[in-house]
Amino acid sequence: MPLLVGGERVDLSQLARQRLYSYPELEERAKLLRSQPAQTVGPRGLLYVQQREFAATTPKDGSVSILGSDDATTCHLVVLRHTGSGATCLTHCDGSDTDKEVLLITSAVRALSPNTEYGRLELHLVGGFSDDRHLSQRLTNQLLRAFDRLQDNVHLVTFCVTELNDRQEKGNHYPYIYGIAANVKTGEIFHATFPDKGPEEDLRSASILTGAQMVNIYDSRKEQLCIGPYDWMPFHHAGFWLEQDDQYILQNLSTSPLAEPPHFISHIRATLSCLKEHPFPDRTLFPSRKPWIYIKNEDGLWERVSSEQI
């Protein structure tokens with residue numbers, strides 16, 4: 001079944017795809033989203049989703065009320081929500097395996113929406129900009145095609161990507177919006193930034209840097225965040241990269257060096273340090289081959305629990 005805008009099927013042929021940017025309702029919603037100042041979202045009630053991760057839950061969740069992600073330059077942030085059940089999934093896509101990732105997040109929402117007779121699937125796409133390598137546009141096209149091939153009708157509600165998320169400053173292009181949050185209780189999607197990207201931000205990023213595939217990090221029925229177990233080959237060049245200056249790292253480890261947020265370098269260095277310290281995480285971090293489990297404590301913050309407590 002097709003991808004729909006305003007109840008009509010979207011024509012994804014090459015010429016028609018460009019006209020998608022001029023749908024009045026999509027353009028107006030993108031303009032409204034761009035005009036919002038970024039809201040700073042604290043850790044209470046938050047489930048932060050990193051690149052190549054996804055998480056899904058429902059309004060009944062007593063631990064998580066906000067799904068969020070940021071630091072997206074050429075990446076896209078995808079929110080899929082079923083209006084009947086309120087089941088919401090957020091993911092941070094980088095184009096590594098878009099078709100498979102779309103199937104995963106759609107299945108996650110379906111699994112939490114047993115009664116699909118009422119309501120519809122609504123899609124929100126945010127991220128990317130007019131980058132020199134056209135990586136953003138390529139990912140936009142991949143996502144549109146993947147959702148259009150699904151069996152379900154999917155209603156495109158928010159389309160603030162690539163050209164519609166692009167701003168210029170002194171001749172350089174940047175994204176308007178780097179991060180979004182989805183309020184699981186209300187369905188609201190808003191411009192957001194997240195000072196706390198944990199738990200285990202560097203460890204999760206290390207897995208991505210070594211080529212991990214998209215992974216589900218949350219069990220909404222148990223209200224548990226699951227990290228790992230990770231298993232990567234030794235990253236022999238971690239020491240080399242850590243010896244390089246900031247500009248060298250920025251130019252060689254970013255898809256969009258001019259558009260990265262200020263903390264990009266410190267984040268990459270912390271990730272490389274993790275890889276250097278743990279060349280065999282299956283031995284040093286996950287010898288039991290079980291994930292690390294976190295639950296929200298009384299203060300609404302993630303707290304690791306032992307397997308005996310589960």
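Which residues line the largest cavity?

1. This is a predicted model. In it, the lining of the largest cavity consists of Gln51, Arg52, Glu53, Arg204, Ser207, Ile208, Ala212, Gln213, Val215 and Tyr230. Helix H5 contributes three residues, the most to this lining.

2. The space in the largest cavity comes to about 40 Å³. Searching the whole structure turns up one cavity of 30 Å³ or more. By class, four of its lining residues are nonpolar, three are polar and three are charged.

3. The largest pocket has a volume of about 830 Å³. It is lined by 33 residues, and those closest to its centre are Gln51, Cys75, Asp94, Ile208 and Thr255. Helices H4 (135-148), H5 (201-209) and H8 (264-277) are the elements that each supply two or more residues to this lining. The pocket lining comprises 11 nonpolar, 14 polar and eight charged residues.

4. Two residues deserve a second look. Gln51 and Ile208 are listed in the lining of the largest cavity, and both are also among the residues closest to the centre of the largest pocket.

5. The largest nonpolar core holds 69 residues, of which Leu47, Leu123, Leu125, Phe147, Leu156, Phe159 and Leu203 touch the most other members. Leaving aside residues up to four places away in sequence, Leu47 touches Ala55, Val64, Ile66, Leu67, Gly68, Ile217, Tyr218, Leu225 and Trp302. Another core, of eight residues, lies apart from the largest one; Val41, Leu46, Tyr48 and Ile66 are among its members.

Technical notes: Residues numbered from 1 in each chain as written. Predicted model: local features only at pLDDT ≥ 70, side-chain atom pairs only at ≥ 80, totals over all residues. Heavy atoms only, no water. 1 Å grid on protein atoms, 1.4 Å probe; cavity = no way out; pocket = protein on both sides within 12 Å on 5 of 7 lines; lining within 4 Å. Points joined across faces, edges and corners; volume = space filled by probe spheres on them. Helix = DSSP H or I, 4+ residues; strand = E, 2+ residues; numbered from the N terminus. Nonpolar A, V, L, I, M, F, W, Y, C, P; charged D, E, K, R; others polar. Core = buried A, V, L, I, M, F, W, Y, C linked by side-chain atoms within 4.5 Å. Buried < 20%, exposed > 50% of the residue type's maximum accessible area, 1.4 Å probe, protein only. Contact = heavy atoms within 4.5 Å.
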